[in-house]
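Good morning, and thank you for making time for this presentation. I shall take one residue as the starting point and then turn to the chain as a whole.

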Amino acid sequence: MSASRSNKATMPSDISDHKPFFDRFATAASNFASKAWFFAACLALVLIWAPSVFLFPSIDTWQLVINTATTIVTFLLVALLQNTQARNDDAAQHKLNALAAGLAALMGELSNEYPALASEREELIDAVGLEDRESSE
C-alpha cells in the first residue's frame with residue numbers, strides 16, 4: 001500500500017520516497033542556509049555594506065539597499081524553511097503514530113494475560129491520530 005504523503009498513511013512505509021520539486025528545493029535551501037559559511041556570508045554582506053555609506057547620495061538610499069536585500073532574503077527563506085519544518089513535523093508525527101500503533105498491538109496481545117492493559121490500550125489507540133482531531137483554540 002503506497003499512500004504518497006496523504007493523511008491516510010499510518011506507517012512510515014506508507015509514505016512515498018518521491019518528493020515534489022518544491023520540497024526538494026526547500027530541503028536544499030534549508031541545508032544551504034543552515035551552514036556556518038552562509039551565516040558568515042550574511043555577516044560579510046553587512047560588513048561590506050556598512051562602510052558603503054559614502055557611495056550613496058543619501059543615507060536613505062544607503063539604508064534602503066540593505067533593508068530591501070535583507071527583506072527579500074528573509075521573506076523567501078521563511079517560506080522555504082516553513083515548508084521543510086512542516087514536512088519534518090509530519091514525519092515525526094507519522095513515526096510517533098506508528099510507534100503507538102505498534103505498542104497498542106503489543107498491548108492487545110498481552111491483554112489476555114494482563115487485563116488492566118485493555119483500558120490502557122484503548123487510550124493509546126484513541127491517542128493515535130490525535131493531532132488531526134485537536135483544535136488550536
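Let me begin with Ser 30, which is buried, with a relative accessible area of 18%; buried means under 20% relative accessible area, exposed over 50% and partly exposed in between, with a 1.4 Å probe and protein chains only. Ser 30 belongs to helix α1, residues 21-33. Helices here are DSSP runs of H or I with at least four residues, strands are runs of E with at least two, and both are numbered from the N terminus. Leaving aside residues up to four places away in sequence, Ser 30 touches Leu 81 and Thr 84, where contact means heavy atoms within 4.5 Å.

A word on the source: this is a predicted model, in which local features need pLDDT of at least 70 and side-chain atom pairs count only at pLDDT 80 or more, whereas totals for chains, interfaces and linings use all residues. Residues are numbered from 1 along each chain as its sequence is written, and side-chain values use heavy atoms, with hydrogens and water left out.

The protein chain has 5 helices and 0 strands. Of its 137 residues, 18% count as buried. Among contacts with a separation of 6 or more, 44% join residues 24 or more positions apart.

I turn to helix α3. Its 52 residues should span 76 Å at 1.5 Å a residue, and the end C-alpha atoms are 74 Å apart, which agrees; the expected span is 1.5 Å times one less than the number of residues. The buried residues of α3 include Trp 62, Ile 66, Leu 80, Thr 84 and Met 107.

Next, the aromatic rings. Rings of Phe, Tyr and Trp (its six-membered ring) pair if their centres lie within 6.5 Å; planes under 30 degrees apart count as stacked, over 60 as edge-to-face and the rest as tilted. By this rule there are 4 aromatic pairs. One of them is the stacked pair of Trp 49 and Trp 62, at 4.1 Å centre to centre with 10 degrees between the planes. Trp 49 lies in helix α2 (residues 36-49) and Trp 62 in helix α3 (residues 59-110), so the pair ties together parts that are 13 residues apart in sequence. Both partners are buried: Trp 49 has a relative accessible area of 17%, and Trp 62 one of 12%. Elsewhere, ring pairs link Phe 32, Trp 37 and Phe 38 into a cluster.

Finally, Leu 106 lies in helix α3 and is partly exposed, with a relative accessible area of 47%.
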